[in-house]
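Please examine the sequence and the fold displayed below. The paragraphs that follow lead from the whole chain to individual places within it.

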Amino acid sequence: MPNKKQDLIDQTLQDLNNDGVDRRGFLKCMAWAGTGLVWTMSGGIPVSRAFAKGYGKDAGKDKRADFTFVQISDSHIGFNKPANPDVTATLQTAINKINAMSHKPDFIIHTGDLSQLSKPSEFDTLDQALKGASAKQVYFVPGEHDMLSDNGEQFLQRYGKGTKGTGWYSFDHKGVHFVGLVNVANLKAGGMGSLGHEQLEWLEDDLKGRSASTPIVLFAHIPLWTIYPEWGWGTDDSEQALSYVKRFGSVTVLNGHIHQIMQKVEGKVSFHTAMSTAFPQPAPGKAPSAGPMKVPADQLQQVLGITDVNYVVSGRSLAVVDSPLGDSGSSASGNGGGPGGS
């Protein structure tokens, strides 16, 4: 009788110890071209349209948009397993895409797992790469990999200056209120994220007194909705956090962690998880466990990417564009920054 479990392992994960791809062959795979979707959110209802292939002169352009920002996630600098033997190169590809946008984004949000093992050298490499991004401002929240060696102390020193607690904070930009949350400091059973009482109280207070017409963007590493608790893909006290934003007319929740695009709309709250710039993970329940997923070398660029978000004042809406890294772009120079700088 065929071993279905073993077939699934072979098909989904392949052999992580024998990738058969040399460095030169891997880097050649960065010529992949692909498409994405623009999600225009109005009244909490997303409407999609095709995103033009490539990052040419018209890509990323929306004449209605008052500003644009880009989300990147899960760089995992320091990871060097067969699923991606050069994560620094794919991060650079993402930065090249950002720099090739027709309109320079106002800032970048990085939704965690900057590093693989929270080593100083890994953060140094990330900082150096982000200095070449056209966006001058970079905002960060930590992933669990950024807190492995010192409970996040180094992350806070580098990227968390002026933040509260383990690194949460908020800021306003052109009429939109952004809130960076930390749900990796006290992981629960199975790896589920947790915000904790202190942060929840701060969030409630932070949102008090704001007009219900203010667009809200929450961002954290682990999804703020339960996707697959068996793999820890969710936040155990997110329901309480989300109760504080129910009165707002437009709420967008951006997360990383699961290394793939997943979306959900509940009322006026739209949830969106981003692709990784490092490696993909299997779909929920489609493998024995979560973790780096090896794909054929010439397909890697299809499952890595960035998220480009355009805010439109007139409709209180956000247009979300997911784009695989295979879309080519030219590099440019710039400066990074953010809470703690980059």
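How many helices and strands does the protein chain have? The protein chain has seven helices and 13 strands, where helices (H or I, at least four residues) and strands (E, at least two) are DSSP runs, numbered from the N terminus. This is a predicted model, in which local features need pLDDT of at least 70 and side-chain atom pairs count only at pLDDT 80 or more, while totals for chains, interfaces and linings use all residues. Residues are numbered from 1 along each chain as its sequence is written, and side-chain values use heavy atoms, with hydrogens and water left out.

Of the 342 residues in the protein chain, 56% are buried; buried means under 20% relative accessible area, exposed over 50%, and partly exposed in between, with a 1.4 Å probe and protein chains only. Contact means heavy atoms within 4.5 Å. Among contacts between residues at least 6 apart in sequence, 76% join residues at least 24 apart.

Eleven of its 13 residues are buried, so helix 3 is largely enclosed by the rest of the structure. Among them are Val87, Ala89, Lys97 and Asn99.

Helix 3 also meets helix 4 (residues 120–130): their axes come within 10 Å and cross at roughly 25°. Axes are lines fitted to C-alpha atoms, for helices over the stretch in contact, and angles run from 0 to 180 degrees between N-to-C directions. The crossing angle makes helix 3 roughly parallel to helix 4, a term for angles under 35 degrees. From helix 3, the contact is made by Thr88, Leu91, Gln92 and Ile95, and from helix 4 by Thr125, Leu126, Ala129 and Leu130. These residues divide into five nonpolar, three polar and no charged; Ala, Val, Leu, Ile, Met, Phe, Trp, Tyr, Cys and Pro count as nonpolar, Asp, Glu, Lys and Arg as charged, and the others, Gly among them, as polar.

Most residues other than glycine have a negative phi. Asp113, in the loop between strand 4 (107–110) and helix 4, has a positive phi near 55° and is buried, with a relative accessible area of 1%. His257, in the loop between strand 9 (251–255) and strand 10 (262–266), has a positive phi near 80° and counts as buried at 10% relative accessibility.

Finally, Ala278 lies in the loop between strand 11 (269–273) and strand 12 (305–312). At 0% relative accessibility, Ala278 counts as buried. The C-alpha atoms of Ala278 and Ile77 are separated by 8.0 Å, although the two are 201 residues apart along the chain.

Notes. Parallel < 35°, antiparallel > 145°, perpendicular 65-115°, else oblique.
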